[in-house]
Structure formats: structure tokens, C-alpha cells
Amino acid sequence: MTKPFLPDLLHAAVSAVGGTERPGQVAMAEAVAAAIDDSSHRLIQAGTGTGKSLGYLVPALAHGERVVVATATLALQRQLVERDLPRTVEALHPQLRRRPQFAMLKGRSNYLCLHRLHEGAPQDEEEGLFDQFEAATPTSKLGKDLLRLRDWADETETGDRDDLTPGVSDKAWAQISVSSRECLSATKCAYGAECFAEAARERAKLADVVVTNHALLAIDAIEGAPVLPQHEVLIVDEAHELVSRVTGVATGELTPGQVNRAVKRAAKLVDEKTADSFQTASESFERVMELALPGRLEEVPEDLGYALMALRDAARSVISAIGSTRDKSVHDEDAVRKQALAAVESVHSVAERISNGSEYDVVWYERHDRFGASLRVAPLSVSGLLREKLFEDRSVVLTSATLKLGGDFNGVAASLGLSPEGVEGEDVPLWKGLDVGSPFDYPKQGILYVAKHLATPGREGTRGDMIDELAELIEAAGGRTLGLFSSMRGAKAAAEELRGRIDNPILLQGEETLGELIKAFAADAKTCLFGTLSLWQGVDVPGPSCQLVIMDRIPFPRPDDPLMSARQKSVEEHGGNGFMAVAATHAALLMAQGAGRLVRATGDRGVVAVLDPRLATARYGSFLRATLPDFWYTTDRNQVRRSLAAIDASAQADGK
């Protein structure tokens, strides 16, 4: 049988979802098909509006071998499984003569655990288990959440937390879910045959397309035990997020509270001497942590080193003791034992990792106002891990609206463990980059305005001139403003100041759920929305409600960020430019994502205003500007006010 013609397949799929075929989408589909056919790797930048989901799904489905699609956000996972894949499969069926199967797969803790639900969760202070539904008062928020979860358990087909609407608190969900370490395993669990997580894994084994998230992809790569089914093609969407997600999975943490919980969970399962030794080590660690000051530990202090070694050795003894004793007096002993082991093993692995010390790890203290001090350890770089684990034995396509930083792909490629494009060598995966552009006419649809006349932002203190500029821009735009701030403190200060100065309503991140804030922002053109990191990447409001996107400053990482500063220093020690490789690259990625909030549809018009003169005056400014959409560029404050007023007048004339 002749192979279906790719453009015909793409046309059928685009028609099925009610979309418009775009040249960039066709170029992307052809590049993905070529990568799959010759088992090579591609980095593909596809701007907003390209239709990149179909750009990779169509060639992947046409290929016929199993494909894993890993993405960063829940929204895109749901869009793929609930909208794009069902329609695409049906649209391609007449030509493919088959209906590829697809499934969603997440980490175990995302699924309701029937054992936890019916048997209860092991309690730290008391022997055995407790009934969490009885313990929580029915009138409390927790009690209501738990009762709703119990009802939901009888009707859900997936047990997937994200299928529960509205959602519940993390505290409530923790009562009826388990981590992979806590799981009894399907063969030992009384509810194994009905397990939602196991059912999801079985569906994934039978599927042609498995949709997962970056975190599970990282776990699959790091922990050695395969979580994902065997596959020939890996597509990483929102690939600009991958390094930070993998770093998060590879980061370990120890807190006095966490260690204390592990001690309590193990106490009933081991002899008194072993339990006392673990308790003593826990108390020593807590005393050291009471004096901890935030910041990087280039060398582990002697007192912390002794405390960690004692913790490591005591935890190892507990693990051995739990494994060799049985106590039938403990109700549902297997569950109690498994949870205790999970808690102790977590303590042991982090204590051992920091005790052993590695030039490839960064160790630091953090201090939180509410939770106290924590000790953290993260890899200096995940590039070697990604090169070794990601690109072997499969074709990999990485795509995002933001992969070219400063005008080329090499910065992102380096973070993934890849050499510059076209460079060959032993154990160096070859790759090609492709920018398929965007359907939007950025120079005609948007203006990039840099407030060159403002003072350079300092580390501390309010910026009176910036607030004045912000107020004038918002008034010129008639509201319609998304304010992206580099810190929550900056967002709050600006909101408080402007609420007393301008008539436009100002919504502030944290005062309501993000979904409700975005809905309110989109519903009223006069309204402004201020916030920090999640708004830089998580807002999709096409139309006249968002015609001014403001960035208060270039979002460099904080100079005292232990991991970022360690990475910067490492680049410099190896002869590179640490500032450009780490700080400027971090800022470029965020700014490109932030600027991408402005133009979400072909009819959108507006201004991205950066209230930081360094974008116009500093040597690195051109690198950052080259990463942003190709808007018309100006530093003329009067021109930009006239433009905003004209855009506002046009929207009002249209009744918007």
C-alpha cells in the first residue's frame, strides 16, 4: 500500500479541528517526518499561532511506531488528549486505514489510591492507621474536600486528580494518594486489580501515542527504572521548560520536620536502640539547622557534615531493621512499613548525597518565614544527564515558541547537552534547528517600547519614576494591561500605589485563583492584571483586553540565587561568559515568553513596554531584543502614548 501523502494528512487534520493551514505548520510537519524517518533530532521553534500540536501529531501518527509526547503544562496535556488527538485520529483514519490509540500517563501521586481511600493513611503519632474522613470535621474545608473525594471515587473512571472539578487542596489530596515509593505494588495490594495508576500504565503500554509531562520524563531518565513504555520517537513540547523541570526532579531536600516525620513513622517498626539512634541523629540535625543562614555552601561545614553522616548511618540501620522484622500487632502492617520506608529512604538518599560530596552538585540553605530552614542539593548542570538519557535509541523532536535565544539555537542546545549545530564528534548527538516563524505580522501588530529615560533599577527600594511611567501608560491604553513583575514584592507595591492613583481596576496575583483572575481580566477591558512568574508564561487572552504588556525590569536571576550563581561561576571557570550563558539566557527566555502574551491572534495589536533602560543601553540588550518577537522598536515615550491611545480608541469604536 502506498504511504499517505503528508500534506494530504495535515490538510485533513487541520480541517477536522476547524483550523487554518499555515506554511510554518507544513514546514514543521515535514521536518518532524524527516527526523522520524532518519532517526535524527530536531529543535523546532514554532511561534504562537503556528498550530504546532498538529505539526508534530500528524507525522507522528502517520509513522506508525509508538510516540511519547511530553509537555510542561496540564492545559496542553488536556488539549492534546481531549481535543487534538481524538479529532486528528478520526480525520486521518480514511487515509491511514487505522485508528491509533492514545493515552495519558502521569506520576503515581496524581491518581487516587484506593488502598489509602478505604484503609486510611498511616498516622505519625498513633500506632496503625486512622480514618481521615472521621478525623476531619465535616464542616471544615478539609472535611468537605475529603467527603467529596470519597463520592468522586465511586464515579471516576480514571482516578486522575485533574479530572476532579473543582479541585481540592494539596492537603486533602495527600490523604488519598501515594508516591511511587509508598505504593505497596499491585501484586501485594488488596486493591491492585482496580488500581487507577496501574490501569493508566496498562493503557499506555497499548497506546500508539502516550502523552505525559516533563517531570515523568525526567523520572524515567534519572531513576533508571523505566516508567514510560518503550518508544521510538520522543516529542518534547514546551521544550524551553525541560531543563528547569529536570533540575527540579533531580533536586533533593532535607528539613527537620521531614526527618522528624520519618523518625516517628519508623519508631514502631524497629527495636528501641535503632529508633533512639535515629531520634538522636534527627535532633543533632535540627540543632544545626536552627543556626542555618540562607546561601550556598561551597564546602559543607563540619557540624553539618557530622550531623548528615549520623543521619545517613542511622537511616541505613533503620532501613535494614524495617526490612528484617515483622510486627503483626500493627494494623495493615505492609502499608505502615512501606510509608515508613519511603520516608526514611528519602532522608537517607539526600543525607548520603550531600555527605559524599560531588563537584557536580550545588548545596545550599534556604529559610522560609513559615516553614523554617531547609537544606537543598541540586545538580550544577543537567546537560550531561540529558545528553546521555534523552537522545539515545530514539528520535527526539524538541519544540517551543521560544528556542532561539539571541538569534540562534545553540544556547538552548548547550543546556540540553548538545554541541553547536553541525558539530560532529564521538557520543555527540547530531541535530538540526528550524525556525518555522509565526503567522503573525509582528512589526505591524506590535510595538516594543523601552523606557530609556528611566533610572536603572536597583536591587532594593521603590522606583518612583517607574510607577509614574506605568500609570501614564495604563491611562493611555485605557486599562487593558498585563503587568509582569520580576518579584511579588514589586507587583504588590505597584498595585497598592496605582490603586490610589488611577481609576482602572487592578487585579493582583494571589488575591484569587489564577484562573479566576485571568477570567476577570479578559472580561473587562478597563481592568489590569499584575503578577509574577506564572503570568509570564500562563496567560492566553487574545483580543482587546490585553493590549499593553509591561515588564518592570529585565528578569535576571537574583544575584544571591545559589544554583544560578554556581552555574554562572562554573561557566566562567571553564573560560566561558557566565553572565551571558546563565543570567542573560534565563532573562531572554522569560522575556520572550512574556512578550508572547501580547499577540495571540491575527487581529491583536498592542505594545510591550519594558521599563528598564538597560534593554536599550547595555551591551547585552541586543541579545535580549533578538530573542523577542520582531515588533516595531522605539524608545520615544510620546510616540508610544499616542499609539496606545489610538489602539484604545479603535477598540472602543468597535464596542470592546
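A residue counts as buried under 20% relative accessible area, as exposed over 50%, and as partly exposed in between (1.4 Å probe, protein chains only). S185 is partly exposed, with a relative accessible area of 27%. This is a predicted model: local features need pLDDT of at least 70, side-chain atom pairs count only at pLDDT 80 or more, and totals for chains, interfaces and linings use all residues. Residues are numbered from 1 along each chain as its sequence is written, and side-chain values use heavy atoms, with hydrogens and water left out.

Stay with S185 for a moment. S185 sits in the loop between α8 and α9 (196–206). Helices here are DSSP runs (H or I, at least four residues), strands are runs of E (at least two), and both are numbered from the N terminus. The phi of S185 is positive, about 85 degrees, although S185 is not a glycine. Most residues other than glycine have a negative phi, and most peptide bonds are trans. R480 also has a positive phi without being a glycine, with a value near 55 degrees. Its place is the loop between α19 (464–477) and β15 (481–484). R480 counts as buried, because its relative accessibility is 2%.

The backbone holds a cis peptide bond too. T165 and P166 are joined by it, with omega at about -10 degrees. P166 belongs to the loop between α7 (141–155) and α8 (170–174).

Now go to the start of the chain. Helix α1 covers residues 6–16, and its buried residues are L6, L9, L10, A12, A13 and V14. An α-helix has 3.6 residues a turn, so residues three or four places apart point the same way. The buried residues of α1 pack against α2 (23–37), α3 (52–63) and α4 (74–96). After α1 comes G18, with a positive phi near 75 degrees.

How do α1 and α2 pack? Their angle is about 125 degrees, and their axes are 11 Å apart. Axes are lines fitted to C-alpha atoms, for helices over the stretch in contact, and angles run from 0 to 180 degrees between N-to-C directions. The angle makes α1 oblique to α2. Angles under 35 degrees count as roughly parallel, over 145 as roughly antiparallel, 65 to 115 as roughly perpendicular, and the rest as oblique. From α1, the residues L6, L10 and V14 meet Q25, V26, A29, E30 and A33 of α2. By class, this contact of α1 with α2 has six nonpolar, one polar and one charged residues. Contact means heavy atoms within 4.5 Å. Nonpolar covers Ala, Val, Leu, Ile, Met, Phe, Trp, Tyr, Cys and Pro; charged covers Asp, Glu, Lys and Arg; the others, Gly among them, are polar.

Helix α23 (residues 562–573) packs with helix α24 (residues 578–595) at about 150 degrees, and their axes are 7 Å apart. α23 brings M564, R567, Q568, V571 and E572 to the contact, while α24 brings G578, F579, A581, V582, A583 and H586. The contact of α23 with α24 has six nonpolar, three polar and two charged residues.

Next, look at a strand. V68 lies in β2 (residues 67–71). V68 is buried, because its relative accessibility is 0%. Leaving out residues up to four places away in sequence, V68 touches V210, T212, L228, H231, V233, L234 and I235. V259 is 191 residues from V68 in sequence and 37 Å away in space, C-alpha to C-alpha.

Last come the charged pairs. Side chains of opposite charge can pair when their charged atoms come close. The whole structure has 32 salt bridges, each a side-chain nitrogen of Lys or Arg within 4 Å of a carboxyl oxygen of Asp or Glu. D435 pairs with K404, and their closest N and O atoms are 3.5 Å apart. D435 is in strand β13 (residues 431–435) and K404 in the loop between β12 (395–400) and α17 (410–415), so the pair ties together parts 31 residues apart in sequence. E511 and R499 form a salt bridge at 2.9 Å, N to O. This pair ties together parts 12 residues apart in sequence, because E511 lies in the loop between β16 (506–508) and α21 (514–523) and R499 in helix α20 (residues 488–499). R501 and E497 form another salt bridge, at 3.3 Å, N to O. Finally, a network of salt bridges links R312, D313, R316 and E352.
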